[in-house]
Amino acid sequence: MATIFSPSALLSSSSTTATAPKSPLPTPPAKTLPPTKPLLTNLTTTLAATALATTILTTSTTPPSLAELSPATYRLYYGTAASAANYGGYGGNSDKKASAEYIYDVPDGWKEKLVSKIQKGTNGTDSEFFNPKKKTEKVYLTFLDGFRKLAPKDLVLNNLALSDVDLQDLIATADNVSSEERKDDKGQVYYEYEIDGVGAHSLISVTCANNKLYAHFVKAPTPEWNRDQETLRHIHESFKTVVG
């Protein structure tokens, strides 16, 4: 006779058989990190030393500008506005200070350009100085006989440009042309012009005295103008005629 297993017996058998619990794995010991304070301190010290060295190198390798070294110094030039016939003092007084008709300041280190007799006779150039480091940075004066008083400001500038091709080009390409009238302490009238061109800058002062028209020019390429503007304006403002 077959044996019949009851459901309860199967359930009882399966429920009483249990797997023994596994022992828990041991927890690995925590890694101990080295203290970070000395590392941070060393890093901070290194960065500070690097920054200091960079500052020292930058300071020592960057030369100071000329303006920081010393202010510009000048010498006074005495112009005689002598005619071509009296060029070099012939036929007249060779003492420039005694016979000066105009004066202006010239920076120390600038060189005088010898004005030829032909140049003096054709365009009236009487004196010229230039910066030897950049010869196109210069100051010069021209004069014309037979002028008792100034014409209107615009006409004077246009007439000056007629005999000066460089001035014509500068005016034609200028970003700005300004003019004003001023009087000195003796009441003498001066026309002041400032021409801001594409590649150059020019300051012009024009006046009449001694039956002559004097035109004083200060010119510089834009880079030199930006660098030496204070000096160039000083030269421009120092010009005046000596009225006997």
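Visitor: Hi! In what sense do strand β7 and β8 pair, and over how many bridges?

Guide: Strand β7 (residues 189-196) and β8 pair in the antiparallel sense, over seven bridges. Strands here are DSSP runs of E, at least two residues long, and helices are runs of H or I, at least four residues long, all numbered from the N terminus. Two strands count as paired if DSSP finds at least two bridges between them. This is a predicted model, where local features need pLDDT of at least 70, side-chain atom pairs count only at pLDDT 80 or more, and totals for chains, interfaces and linings use all residues. Residues are numbered from 1 along each chain as its sequence is written, and side-chain values use heavy atoms, with hydrogens and water left out.

Visitor: Thanks! What joins β7 to β8?

Guide: A hairpin does, through three residues.

Visitor: Is Ser205 buried or exposed?

Guide: Ser205 is buried, with a relative accessible area of 0%. Buried means under 20% relative accessible area, exposed over 50%, and partly exposed in between (1.4 Å probe, protein chains only). Ser205 lies in β8, residues 200-209, and nine of the ten residues of that strand are buried.

Visitor: What does the side chain of Ser205 make a polar contact with?

Guide: With the side chain of Glu192, at 3.4 Å. A polar contact is a pair of N or O atoms within 3.5 Å; within protein, one must be able to donate a hydrogen and the other to accept it, and residues adjacent in sequence count only if both atoms are side-chain atoms.

Visitor: New topic: in what order do β1, β2 and β10 stand in the open sheet?

Guide: The order is β1-β2-β10, with antiparallel pairing. β1 (74-79) and β10 (240-241) are at the edges, each with a single partner strand, so one side of each has no neighbour in the sheet.

Visitor: Which helix packs on that sheet?

Guide: Helix α8 (residues 222-238), which touches β1, β2 and β10. Contact means heavy atoms within 4.5 Å.

Visitor: Last one: how many helices and strands does the chain have?

Guide: Eight helices and ten strands. Of the 244 residues in the chain, 30% are buried.

Note on methods. Axes are lines fitted to C-alpha atoms, for helices over the stretch in contact, and angles run from 0 to 180 degrees between N-to-C directions.
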